[in-house]
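I opened a new notebook page for this one. Below is what I looked up, in the order I got to it.

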Amino acid sequence: MPAATLAILNPHAGRASRLLPRIESRLRGSVSASLGGLEIERTRAPRDAGRIAREAVRAGVKRLIVGGGDGTLGEVVTGLLEAGLGEEVELGILPLGSGCDFARTVGVPLDPQQAIDQLARGVCRRVDAGRTVHRDRAGGERTTYFINETSFGLSGLVVEWVNRQAKRFGPRTSFALGSLGAIARWPTTSAVVRLDGREVHRGPISLVLAANGRFCGSGMKMAPGAECDDGLFDLVVVAGLSRPRLGWNLPSLYSGRHTGHPAVSIYRGSRVEAESWGERGALLDIDGEASGELPVAIDLLPRAIGLFGLPGPQRAD
């Protein structure tokens with residue numbers, strides 16, 4: 001029989017390579033003792049985390065600790081939900097990546113040692129997830145699940161830049177540089193956006209975000225009012241802005257002050273549909289990974305994932 005808990009660690013996540021020996025030792029100590037046994041497996045290739053998660057749950061594992069960033073967490077969520085296993089397991093979050101933005105929303109400490117301590121004593125909570133059906137780079141249809149956000153526009157360029165060349169600068173600096181780089185080369189694009197069947201935007205866009213969590217881009221508070229267990233996305237629409245105005249307003253994204261800008265609109269709903277309008281497309285960002293392009297349909301899945309090791313009082317399901 002497998003141990004009741006499996007830790008899936010991504011050695012290629014932002015901070016993981018230099019921390020893994022200490023993390024594995026700590027997990028085998030305090031967490032293993034408190035959770036009744038623990039095994040550890042490292043990912044070896046892209047999408048490996050989803051495969052490992054599926055196989056572990058089918059073998060009887062009841063808790064998964066996900067060590068990585070939002071991308072690794074999204075891989076695990078996709079692996080579980082596309083196999084219909086969301087009710088069979090609970091996830092613990094161990095932030096090791098460049099963004100770790102969903103951890104911020106649910107109150108998991110970004111310091112790995114503190115996060116490990118909380119895994120052993122925190123409470124459980126069910127949260128919403130999302131399903132994105134979109135066009136991949138080859139032109140085919142693809143379905144991806146997520147737990148934090150799906151967005152398009154500038155964010156698609158940012159994550160492409162960050163994941164390719166900027167992680168050596170550290171998480172926040174990397175995303176800030178990626179944002180400035182994306183703004184500098186951002187082509188004018190337009191889209192039609194619908195929420196629960198109602199058209200909410202038609203025209204130039206800078207960014208559109210379907211948010212389950214409050215943060216993206218390593219601490220940008222893009223959806224400050226989002227709740228990850230209320231059955232609704234916060235849809236943030238930033239209409240087309242010039243490059244100088246985008247650069248000038250970039251700092252406000254970290255504090256959440258952008259919500260008062262006249263180009264920003266926020267809606268709430270459970271299904272988002274969007275398609276490009278005009279010649280230029282828009283790249284997608286799904287949980288911090290460059291994942292394709294428009295058109296896209298995004299559906300909210302209420303309380304689809306169980307988490308453990310969270311702060312705060314126990315919540316009723």
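This is a predicted model: local features need pLDDT of at least 70, side-chain atom pairs count only at pLDDT 80 or more; totals for chains, interfaces and linings use all residues.

**Notebook: a look around the chain**

I began with contacts (heavy atoms within 4.5 Å). In the protein chain, 75% of the contacts with a separation of 6 or more are between residues 24 or more positions apart.

Residues are numbered from 1 along each chain as its sequence is written, and side-chain values use heavy atoms, with hydrogens and water left out.

**Overall**

I looked up the helices (DSSP runs of H or I, at least four residues) and strands (runs of E, at least two), both numbered from the N terminus. The protein chain has nine helices and 14 strands.

Next I checked burial: buried means under 20% relative accessible area, exposed over 50%, and partly exposed in between, with a 1.4 Å probe and protein chains only.

**Around β5**

What does strand β5 pair with? I used the DSSP rule, under which two strands pair if there are at least two bridges between them. β5 (residues 123–135) runs antiparallel to β14 (residues 289–310), with 11 bridges joining them. One spot I clicked on was Arg125, whose bridge partner in β14 is Leu307.

β5 also pairs with β6 (residues 141–146), again in the antiparallel sense, over six bridges. Here Gly130 stands opposite Phe146 of β6. β5 and β6 make a hairpin with five residues between them, and Gly139 in the turn has a positive phi of about 95°.

While on β14, I found that Pro295 lies in this strand.

I then searched for aromatic pairs: rings of Phe, Tyr and Trp (its six-membered ring) with centres within 6.5 Å, called stacked if the planes are under 30 degrees apart, edge-to-face if over 60, and tilted for the rest. The search gave one pair. Phe146 and Phe233 have ring centres 5.9 Å apart and planes at 15°, so I wrote them down as stacked. Phe146 is in β6 and Phe233 in β10 (residues 233–239), so the pair ties together parts 87 residues apart in sequence. Phe146 is buried at 0% relative accessible area, and Phe233 is buried at 0% too.

I also looked for a charge over a ring (NZ of Lys or CZ of Arg within 6 Å of the ring centre and within 35 degrees of the ring normal). Arg202 lies over the face of Trp277, 5.7 Å from the ring centre.

**Helix α3**

Is α3 mostly covered or mostly open? Mostly covered: 11 of its 12 residues are buried. Among them are Asp70, Leu73, Val77 and Leu81. α3 (residues 70–81) reaches 16 Å from first C-alpha to last, close to the 16 Å expected, taking 1.5 Å times one less than the number of residues.

Arg47 is not a glycine, yet its phi is positive, about 70°. Arg47 sits in the loop between β2 (38–42) and α2 (48–58) and is exposed at 54%. Asp196 also has a positive phi, near 50°. Its place is the loop between β8 (189–195) and β9 (198–211), and Asp196 is partly exposed at 44%.
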